[in-house]
Amino acid sequence: MGEPYNDLMQVKMSIKAAERMIGQATMSMDHDQLNDAKRALNDAKHQYQNAIGNATGVDNMFLAHCGELISQCEQQINEALR
């Protein structure tokens with residue numbers, strides 16, 4: 001029973017880390033920081049997708065919110081990389 005909670009917390013923390021990195025990278029517009037932020041986002045997406053596969057019914061609302069955050073992050077980083 002402890003594993004899904006840990007998976008969900010890991011998803012939450014990886015999205016928060018990606019959000020911070022994207023915010024810093026888009027403020028500086030440093031190419032290396034942008035690429036690192038994109039990698040962090042891809043890692044968060046991978047963890048999110050794994051969590052979806054292990055989700056129970058009560059996790060769906062949380063995962064839907066995480067999906068929205070990931071979409072917003074993708075939009076922000078893709079705009080900066082153009």
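**Cysteines, a helix and a loop**

Tutor: This is a predicted model. In it, the sulfur of Cys73 lies 11 Å from the closest cysteine sulfur, that of Cys66, which is too far for a bond.

Student: How many disulfides does the structure hold, then?

Tutor: It holds 0 disulfides. Cys66 is in none, and its nearest cysteine sulfur belongs to Cys73. A disulfide needs the two sulfur atoms within 2.5 Å.

Student: Is Cys66 buried or exposed? And what about Cys73, buried or exposed?

Tutor: Cys66 is buried, at 2% relative accessible area. Cys73 counts as buried too, at 4%.

Student: Which other residues of α3 are buried?

Tutor: Besides Cys66 and Cys73, the buried residues of α3 are Leu63, Gly67, Leu69, Ile70, Ile77 and Ala80. They cover an arc of only 165° around the axis, so they sit on the same side of α3.

Student: Why would residues spaced along a helix point the same way?

Tutor: An α-helix has 3.6 residues a turn, so residues three or four places apart point the same way.

Student: What is exposed on the other side of α3?

Tutor: Met61 and Gln75 are exposed there.

Student: How far does α3 reach?

Tutor: From first C-alpha to last, 31 Å. The helix runs over residues 60-81, 22 residues, and its reach is close to the expected 32 Å.

Student: New topic. Where is Met29?

Tutor: Met29 is in the loop between α1 and α2. Its phi is near 55°, a positive value in a residue other than glycine.

Student: Why point that out?

Tutor: Most residues other than glycine have a negative phi.

Student: How accessible is Met29?

Tutor: Met29 is partly exposed, at 44% relative accessibility.

Terms used
Residues numbered from 1 in each chain as written. Predicted model: local features only at pLDDT ≥ 70, side-chain atom pairs only at ≥ 80, totals over all residues. Heavy atoms only, no water. Helix = DSSP H or I, 4+ residues; strand = E, 2+ residues; numbered from the N terminus. Expected span 1.5 Å × (residues − 1). Buried < 20%, exposed > 50% of the residue type's maximum accessible area, 1.4 Å probe, protein only. Arc of directions from axis to C-beta.
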